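Colleague: Would you kindly guide me through this structure, one feature at a time?

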Amino acid sequence: VRMVTSLSKLLGNTSVGSRPKALLVLEDGSVFEGFSCAAEGEVFGEVCFNTSLEGYLEIISDPSYAGQIITMTYPQIGNYGVNLDDLQADSLALRGLVVHEMCFTPSNWRSTQSLPEYLKGQNVVAIGGIDTRALTSHLRDKGAQRGVISTVDLDPASLLAKVRESESIVGVNLAKTVSRNAAQGFDELPASHSFAVAGPAEERYNVVAYDCGVKKSILQGLVRVGCKLTVVPWDTPAEEVLAMNPDGVFLSNGPGDPDAVGETYHQVEKLIGKVPVFGICLGHQMISLASGAQMEKLKFGHRGGNQPVMNLRTGRVEITAQNHGFGLLFDTLGPLVPELSDGVGEHVSDLRFWAERKVAPVVENDRFGKIQLTHVNLNDGTAEGIAFLDQPVFSVQYHPEASPGPTDAHYLFTAFARLMDGDSDYLNIDIASDRLSGWVFGAEEGEAHA
């Protein structure tokens, strides 16, 4: 008792202070005890993990996390504070946050407030003091599952009963909860980013972007390659989009189960063949579903800034940023075309087979003709990108804008511009040079804060 009392006194004199107790309970009965480090309350969601080493603010403000409780695997979170210009959305859609150690006293020249202060202001419940390595290992073994964080009910049996009654994200349309209500222009490029990123290219393309939970930095990536953007709600009719005479249509990232977002992929069916189309993440899944393909729920998803992906057209490997729990079953797009697939006529379950051969196989789709597998995840052999050979359409499962994450996939914005220009070889880009395109290193302001 004396030892516990002394520890409480020691904590009370630190920047962490004495924090209220909190519990995390999973639907399989696992219990993790920690302390509250943001708003108090009780929240339910699918517990997942993100392996990024930095970019926690961009992660928690990504609308694709709607319905989810995020576990950060990196041990200290919040050490460089919060700058609101880095937010990916104006409001937070995640259900809760799990960390090992929360920093209450950040130190960074761009920081305007601490992460716990910001989360509390946004009424986000967070739990600290968790063994996130043990939690992550458990989720990798057992799969992502429903969970609850509570600072008000500290009875594990009570929380377990409630979490087992909570809603699953499967079959739920979460995209409509994070999309906008009306069409809007977008040209927002924060001045505070100018120390690192150059100004945009001259506007050349009229692009309509479907907002299924889009990140601001993805829209900024389109602006930087010369797109004049009109961002529309997730269920905007294709006829309205085509009436805007776009040079291209972009399909954004977004949360949850793609099969539940029928209003979007049914519009995509009408857009393909009428205008160049580029999709990422949920947008990739919308294109796949419009083609008649099937999705699968991944065991624990891909979330983090270190996912290796091979571009099968070039043989180059990209380190990518990803956030999704569902994926395309490539073999459901159609039968292989052997003469365009290195003589192979039967589908394989592990798509790293094609990476080893450095072959981009082609299927015959009964709706849109030939479709090529362009990108493969080298960790688990799942599909990461496709390109239509008979239509101006391509898509990837990951996020190319590096917020947070590496810049290897920056070339995909350039590829979209080249597709709108009519370049048939639009994906064949040297990523080693393009990954630095638009970034400013060694500029005067940047040097001042180095």
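**Strands, helices and rings**

Modeller: F44 stands opposite V148 in strand 9. This is a predicted model, in which local features need pLDDT of at least 70, side-chain atom pairs count only at pLDDT 80 or more, and totals for chains, interfaces and linings use all residues. Residues are numbered from 1 along each chain as its sequence is written, and side-chain values use heavy atoms, without hydrogens and water.

Colleague: How many bridges join strand 3 to strand 9?

Modeller: Strands (E, at least two residues) and helices (H or I, at least four) are DSSP runs numbered from the N terminus, and two strands pair if DSSP finds at least two bridges between them. Here 6 bridges join strand 3 (residues 42–50) to strand 9 (residues 145–150), and the two run antiparallel. Both belong to a closed barrel of 7 strands in the order 1-2-8-6-4-3-9, with mixed pairing.

Colleague: Which strands does helix 5 lie across?

Modeller: Contact means heavy atoms within 4.5 Å. Helix 5 (residues 156–165) lies across strands 1, 2, 3 and 9.

Colleague: What kind of aromatic pair do F353 and W354 form?

Modeller: Rings of Phe, Tyr and Trp (its six-membered ring) pair if their centres lie within 6.5 Å; planes under 30 degrees apart count as stacked, over 60 as edge-to-face and the rest as tilted. The structure holds 9 such pairs. F353 and W354 are edge-to-face, at 4.8 Å centre to centre with 85° between the planes.

Colleague: Which residues do ring pairs link into a cluster?

Modeller: The cluster consists of F250, F278, F394, F416 and Y426.

Note on methods: Axes are lines fitted to C-alpha atoms, for helices over the stretch in contact, and angles run from 0 to 180 degrees between N-to-C directions.
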